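Here's a quick briefing to keep beside the model while you click around. Have the viewer open and follow along topic by topic.

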Amino acid sequence: MAQSTHQPLGGKLLTKPFMLFALLFLIAVYFLATRFMFGLGSVTHLNGGYPWGIWVVVDVIIGTAFGCGGFAMALLVYIFNKGEYHPLMRPALLGGLFGYTLGGMAVIFDLGRYWNFYNLLLPWYAQPSSVMFEVALCVMAYILVLWIEFSPTFLERLGLTNAKQKLKRFMYIIIALGVLLPTMHQSSLGSLLLVMGSQLSPLWFTAWLPLWFLLTAIAMGYGIVILESTLITNAFKLPSEQRILSKLSPIVGWLLAAFVVLRLIDLLAHGHVAPMFAADLNAFMFWLEILVFVMPTIILISPARRTDQRQMFLAALLLLAAGSLYRINAFLVAYDPGNGWSYFPSAPELMVTIGVIALEIMLYLVFVKKLPVLHGTRPA
Amino acid sequence: MDKSRRRFIQGAAGAIAGAVAPVESTQALRRENKQLPPNALGMLYDSTLCIGCRACVTACKEANDVPVEQPAHLREWNVGVWDSGEDISGKTLNTIRVYTDGTKERKDREENGYAFIKRHCLHCVDPSCVSVCPVSAMLKDADTGIVTHNPDACIGCRYCVYGCPFGVPQYQFDETFGKIAKCEFCEHLQKKGEIPACCDVCPTGASLFGRVDDLQQEAEQRLSKQPGDRYEFPRGRLGDDRPTHEAAIPEYQSHVYGVKEAGGTQIRYLTGVPHQKLGLPKLPDESYASLSEGVQHTLYKGMIAPLALLGGLIYLARRSTKQHEDEE
Ligand code: SF4
Ligand code: SF4
Ligand code: SF4
């Protein structure tokens, strides 16, 4: 059957690393049970000054940015019509599928009144001026879109070629939505902070927040694609995708460079020089963040470095770290509720976040082993 | 890249640039601040009159059926029903905090003095909490301007907690089925013709209930007197016939806090100690909601921009998928 070069990897599921991830996940389940029985305060360090912690910032805000691989690749493959990147599309979508689905799940256990969740869908409660309202609807819609985008893979596996053909006819609409929705909500995740005013350090507060969040989310999307494909091709000894990747990298590099330069220009234009050089945590985190953004930018732009698989892998890691740091800084470090409040996640809180990530990796492994996701060895 | 694709992408880039260009001056993106409702009700809290008796805190707990709070480190010497919550919380809708400096000798002096400050919702004119709530669980009355909360709508996202510039709404983290707690200005008592419990019990008139216009006048009148002048301070509801509390006019800070802060509030604060020392944050005259809603409305007005973008994306995706099919 040479109709598709996408192949399930096959192989044993219950490997040792898999069991370790399963254990981490079980620990998270234990703490989540505690949370549902005794309330959010029984497992987290959330408080009246810091009502949002790592479950929101890492699991949802960073988690969905990690899930932007599908979005970033769709932008390239279908909107800029770069068909040569097509082999990276399915694994990227799969990453997105789990990034978003689990981010959505994390929302449920983080919500303080989760049993009212469906109110978001009731028109008489709708509050369109709320950025949160837009984010919630967009993310829900996008999770649906991701599952539809990914469904040909299931249909292929089940041998339902007819259904797959039918779906294909409308796929372009789904693909367009798959670009529009993340553009909207990834920028809006930045807009969430626009209402914070002087509660946020001027190093992060700017009317450009939506654009900064969008640019970094796209960059992180490419970062995860590079990471995923390097890891997978090595672990499963697949034909290397290095050639495609090294073509992709300058695009990502220039995107990052644009972000860093524009951000600095914006800060200077508004005269926020003093806080940059203040001797405090904000200034330190700001420069650390800039540094971690600049390092991968250099690797990805330099023609000599970006052909080296190790450097590329490092660049992808740094890029994801930079985007994550930016989000943690903007939502937690830059934010000062006053009144002496402080926040650092508790161990159980961290374990839940780690467990969610473990679940994500486990599901990813199951899917690539059982479903035709990856461009495999030549068809038999 | 073919021509039409290039044209669309250039067009889209142009549109995005056009949409974000005004960001240059953040001011241009703001919508107007909202206006004080016609029959706005509020409170004048005069820190110099407050004796820190916390009768208002106890009355609030009774009126709103919230439990007494005792932090662990104070529990030992504080046996019984004395409430000693240190700030508003999921179980404390109002509280009195103390400012102290040096020898704490004189009341209402910044240096070597002490002062009281009351904490609760300021019933903002253009409230962030109402603007950010995704399910309309925070509501501002169109007539009285009182900001209430509807727990049946609330999903517990805590964006209001994060967004309120005064740190007012609080989620009950220690409850299995926690709620958002926030002063609703005893709306249930007002419906029965009564006044908020804190203003009702206050022995000195430090917490005074009334129409915002009248309270503003009252505040200005106090400021216009000379320190030391005898003055009849009204108690309970401004304009009622309760006996007044006669005392000397103190040395006030000249600024009335709450008039313009973050687009204005329905609470007025008069103090002897600078406001920021008492934990009242320095805030701009523009409401915070005016910027976030301004940006949001610019980008999403009538959903025109997103729909136009979707149209372009559909067109491009269609061509690409067709082309890929032909190649396959
Ligand atoms: S003080 Fe906070 S909770 Fe009260 S109305 Fe203003 S924004 Fe809302
Ligand atoms: S916690 Fe409740 S009231 Fe506050 S913003 Fe969320 S849904 Fe609205
Ligand atoms: S009841 Fe009046 S005097 Fe007593 S603490 Fe409250 S505001 Fe101050």
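Predicted model: local features only at pLDDT ≥ 70, side-chain atom pairs only at ≥ 80, totals over all residues.

Residues are numbered from 1 along each chain as its sequence is written, while chains are lettered from A and ligands numbered from 1 in the order in which they are written.

**Chain B overall**

- Chain B has eleven helices and twelve strands, where helices (H or I, at least four residues) and strands (E, at least two) are DSSP runs numbered from the N terminus.
- Of the 328 residues in chain B, 53% are buried; buried means under 20% relative accessible area, exposed means over 50%, and partly exposed is in between (1.4 Å probe, protein chains only).
- Take the contacts in chain B with a separation of 6 or more: 60% of them are between residues 24 or more positions apart. A contact here means heavy atoms within 4.5 Å.
- The accessible surface of chain B is about 15,000 Å², and carbon and sulfur atoms own 52% of that. Accessible areas come from the Shrake-Rupley method with a 1.4 Å probe, and for residues only the protein chains shown count as cover.

**Where chain B meets chain A**

- On the chain B side, 69 residues are in contact with 67 residues of chain A.
- About 5,800 Å² is buried between the two chains, with carbon and sulfur atoms giving 60%. Buried area is the accessible area (1.4 Å probe) that two parts lose on being put together, summed over both.
- Between chain B and chain A the count is one salt bridge, meaning a side-chain nitrogen of Lys or Arg within 4 Å of a carboxyl oxygen of Asp or Glu.
- That cross-chain pair is Asp110(A) with Arg158(B), at 2.9 Å from N to O.

**Ligand shells**

- Around ligand 1 there are 13 residues, and Cys121(B), Leu122(B), Cys124(B), Cys129(B) and Cys164(B) come nearest. A residue counts as near if one of its heavy atoms lies within 4 Å of the molecule or strand.
- That ligand 1 shell divides into ten nonpolar, two polar and one charged. For these classes, Ala, Val, Leu, Ile, Met, Phe, Trp, Tyr, Cys and Pro are nonpolar, Asp, Glu, Lys and Arg are charged, and the others, Gly among them, are polar.
- Ligand 2 also has 13 residues around it, the nearest being Cys133(B), Cys154(B), Cys157(B), Arg158(B) and Cys160(B). Its shell splits into ten nonpolar, two polar and one charged.
- For ligand 3 there are 14 residues, with Cys50(B), Cys53(B), Arg54(B), Cys56(B) and Cys202(B) coming nearest. By class, the ligand 3 shell has ten nonpolar, three polar and one charged.

**Salt bridges within the chains**

- Side chains of opposite charge can pair when their charged atoms come close. Over all chains, the count is 20 salt bridges.
- Lys164(A) and Glu156(A) pair up at 2.8 Å, N to O. Lys164(A) is buried at 12% relative accessible area, and Glu156(A) is buried at 15%.
- Arg90(A) joins Glu156(A) and Lys164(A) in a network of salt bridges.
- Asp87(B) bridges to Arg97(B), with the closest N and O atoms 2.9 Å apart. The partners are ten residues apart: Asp87(B) sits in the loop between helix H4 (72-75) and strand E2 (95-100) of chain B, and Arg97(B) is in strand E2.
- Asp87(B) counts as buried at 11% relative accessibility, whereas Arg97(B) is partly exposed at 26%.
- Asp240(B) and Arg237(B) form another salt bridge, with their closest N and O atoms 3.4 Å apart. Asp240(B) is partly exposed at 40%, and Arg237(B) is partly exposed at 28%.

- Lys91(B) lies in the loop between H4 and E2 of chain B and is buried at 17% relative accessible area.
- Leaving out residues up to four places away in sequence, Lys91(B) touches Lys61(B), Val66(B), Pro67(B), Glu69(B), Asp174(B) and Glu175(B).
- Gly48(A) is in the loop between helix H1 (16-38) and helix H2 (54-66) of chain A, and is buried at 11%.
- With residues up to four places away in sequence left out, Gly48(A) touches Trp341(A), Val161(B), Gln170(B) and Phe173(B).

Note on methods: Heavy atoms only, no water.
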